[in-house]
Amino acid sequence: MPLVRSGLTTRPASASRAFRSPVPTVDVPPGGAPPPTPRETPVTRSLVIVESPAKAKTIAKYLGNDYIVESSIGHVRDLARPSELSKEEREKSDYIKTYAVDVEDDFKPLYVVSPDRKQHIAHLKRELKDVDQLLLATDEDREGESIAWHLLEVLKPKVPVKRMVFHEITKKAIVEALDHVRDVDEHLVDAQEARRVLDRLYGFAMSDMTRRKGRGKSAGRVQSVATRIVVERERERQAFRSASYWDLTGLFGEPDVTAQLTKVNGKSVAEGRDFGQDGKLATKRDVVVLDQSAANALAAALKGQGFAVSKVERKPYTRRPAAPFTTSTLQQEAGRKLRWGAQQTMRTAQRLYENGFITYMRTDSTSLSDTAIAAARKQIAQLYTAADLPPQPRLYKNNVKNAQEAHEAIRPAGDEFKTPKELSRELNDSELKLYELIWQRTVASQMADLRGESLVVTIEGTSTAKDDVTFVARGNSITFPGFLKVYVEGSDDPEAELESKETHLPDGLVEGKKLSGRKFDAIGHETKPPARFTEASLVKELERLGVGRPSTYASIMTVIEDRGYVWKQRGSGSLIPSFKAFQVVRLLEEHFPHLVDYQFTARMEDDLDSIANGQEKRTRYLERFFRGGGEVAGLEKLVEEKLANIDLDEIKRLETFPVGTDDQGRAIVLRIGQYGPYLQVLGPDGEPTGDTASVPDDLPPDELTVAKASELLAAPSGDRTLGTDPETELPVVLKNGRFGAYVQLGEPQGKKDKPKTASLFKSMSPETVTLAQALQILALPREVGVAEDGETVFAANGRYGPYLTKGKENRSLETEAQIFSITLPEALHVLAQPKKGRQQRGADAPPLRELGNDPVSGGKVVLKQGRFGPYVTDGETNASLRTGDDAGTITPERAYELLVLRREREATNPKKAAKKKKAAPKKAAAAKKSASTKAASDGEKPKKAAAKKSAAKKPAKKAAAKKSAAKKPAKSAAAKAGSDSDGAAAKKVAKKSVEVSPDV
């Protein structure tokens, strides 16, 4: 019997309570939904199950007392990790032992339910006993369909079961959904399960490969492709060679107008688009390339000359509004306008949906329902002029590959849209910002076109050197703003945004008008490398290629950053690949090219669509992918061959990247080592010399030029002799190690003879440290004195800073200087103080900056300096700053995003969860033991006391369960983000799990 499992985090204490609506069932308005489907047997009471408590609470408002609305609290079970299975289960086959998937039995996945979900499942079963019908009202996409199927598998209901779907949580939508119930779609379930198994097979097999033959932590199916996209862009930047070119800007008089030089003697002046990535002229146009001297000479020859307007062109133009939001475009626009990451955008959208403010937020459809179009048009008529409302509604078509999710764009919920102003008191700051963005985009999509007029003025003249020149002045005026009254679409290209701005030219510029050349400036330009991806532009590229799904984009961004494949550049938010990413991508490209091929990955999405449509069988598709038989070899055989054939020499080659040859003719390469990337100089025979240098973690790969590499190699290594120890007569050497500068007494004489070392204090600098200071720290720990009980007190410096120790007792010191100055009485006084926990120590430190209130918890977010560096905290959650984050310039939005990521990591960290769960019972047990002992000392009979102690355990266990359950909300939102990688999904699995049957 397979195991079943749910998510890791615990259920909120309130989740076990059903939401029973006090309001009567609403009637369908006249002309609304069609009449309900006839039922064979009367239903007097129904149990409705949705995913989240927030969604349950909102839906309950629209249902009567005949409905009990409960939450599944996310996924009720998940694919097990092999370590969670029993020994007997693992020994059934090597496939189960490796993947927790029974490949030999039609790729049957083994599911598990964590123990903390048993109580909630039992609660749902009890509710089922008192109802006549079960309505599964999970989300309308494949993931929601899968959750509904898992609920059926776990609950095993004996009452009729129907599937209830809706794309918005409004009264009308819920009533219509009740009248149009259906069965669970097994094809959609098969497609989602095929994706889950596919990601497990790929993720575990390829992760094993990248760990054993590379430096990567793991390789998910879609995450690997996303990483490759970022790496390829960085390669383009590395190969890019800048080209310089010059042009002129001229100021002409009466009327004053500024124009740009476009032609010299009939030939076009070269622009950036005329040059290739190699810095050479690549255009087919007949162009003239001006250098600095030629541009300056031409400017001098034009000054004071006469010019005339040769042509004036006026052209009307129109612009249509952008389509309503899909998941992808919402993430892109929130990234541009709100500076949010994809994860923060989706979490905020999730809250808006669950509370009934917007429609379902995982969709790749741009269409609006008739109801939504009518609501938007009504609002346009109320808020704007009649001219802003086009005669006919606008309809938008989908141009996205593999579009298949929900059937409507993201928009404000309901038959009538609420304006952001109307919701200003109901939504927090982040929710209001995102709602306003969605409202603006939706309303603007149904407004009239922008109308304007472009003006192009051509000015011609001749220089004193008899060169004929042509200048062009361009203007732009908006005659009717249309949708611009509501919304201006953002762009990744700053130049594109200028289209929405007016540029006026002076009156009087007519053909034949004489102008004087007042001033001419020669301006130099350099071509720019292709821009790096941001989260927004990477989501756009993934969507263009048909890679991944709307529900997976946010998790893709999080995973590739958390695994160290990319990091965000401070300020710009650009995604920069690490050198480790280069090595992993090279391994996959050279040995598994089809698995990171964009078209192959997109075809996999088509294949999953075929399963969802019933055109393809789940088992047959997985068999072909894993065992082979199609156009490429199967994953199983391919991985086995590569594990056997990729030897040490090949690994070294994959980890080596040429940088170039320095001015001494030495070849410099970058290698990926155990402790990170480093530079190495090669000798004439290609063998490494002793010259090496570490590469800074925050150095973008495209900036590692030969000049930069030479600079890093020439920098002092940190090894410097400070002097000789007078007692041992051994040299004292300053060295630079992986964890910073340290001093060493003498040199090792053999493998087992390790010299004494000591890290520099934080107050010391490698450039200024003296021999006396070095001898001081090498002499630690310092004996402060002997206490009255005979124990010796020592002062020392450790990993966490200065401290005192006496036997098994230790206390932290405030400063490093106290190590050498503290007296025995002072030390004993410090040791007598109660210990401070980590939270207490952090609370004592004043904040560096205040960053506003967290939109999730509502707590005040501050920046603090911690033991391991700066971090942000809202009083409940602490999140360290990441590579690329700067304590001096971090924004509140970035702080909120770091806290979101930290909560999700805590929600899916089995070790921390286990520790927290164990803490409360121990404390409770200790309290009971103390009470029992006291009772015995007061003369109570031992048996009676024992009985009381035993009886007391049950309420304590129940209380512990409630406390554990209260942790669930963090998980619920994280689970909704979805995952296209087994590596990310595997985080949801508890380290240890009790084997339970579906009949819990």
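Is Ser445 buried or exposed? In this predicted model, Ser445 has a relative accessible area of 0%. Ser445 is therefore buried, since the cut-off for that class is under 20% relative accessible area.

Ser445 belongs to the loop that runs between helix 13 (429–444) and strand 15 (450–462). Leaving aside residues up to four places away in sequence, Ser445 touches Pro321, Ala322, Pro324, Leu368, Arg394 and Tyr396. Arg320 is 125 residues from Ser445 along the chain, and the C-alpha atoms of Ser445 and Arg320 are separated by 8.2 Å.

Asp105 has a relative accessibility of 37% and so counts as partly exposed. On the surface, Asp105 gathers with Asp94, Glu104 and Asp106 in a patch of negative charge.

| Residue | Relative accessible area | Class |
|---|---|---|
| Ser445 | 0% | buried |
| Asp105 | 37% | partly exposed |

For the protein as a whole, there are 30 helices and 35 strands. The protein has 1000 residues, of which 51% count as buried; Ser445 is one of the buried residues. Among contacts in the protein with a separation of 6 or more, 69% are between residues 24 or more positions apart.

How values were computed. Residues numbered from 1 in each chain as written. Predicted model: local features only at pLDDT ≥ 70, side-chain atom pairs only at ≥ 80, totals over all residues. Heavy atoms only, no water. Patch = residues over 30% accessible without salt bridge, like charges linked within 9 Å, V, L, I, M, F, W, Y side chains within 5 Å. Areas by Shrake-Rupley, 256 points an atom, 1.4 Å probe, with all protein chains shown as cover. Salt bridge = Lys/Arg side-chain N within 4 Å of Asp/Glu carboxyl O. Lys, Arg positive; Asp, Glu negative; His and termini not counted. Charge placed at Lys NZ, Arg CZ, Asp CG, Glu CD. Buried < 20%, exposed > 50% of the residue type's maximum accessible area, 1.4 Å probe, protein only. Helix = DSSP H or I, 4+ residues; strand = E, 2+ residues; numbered from the N terminus. Contact = heavy atoms within 4.5 Å.
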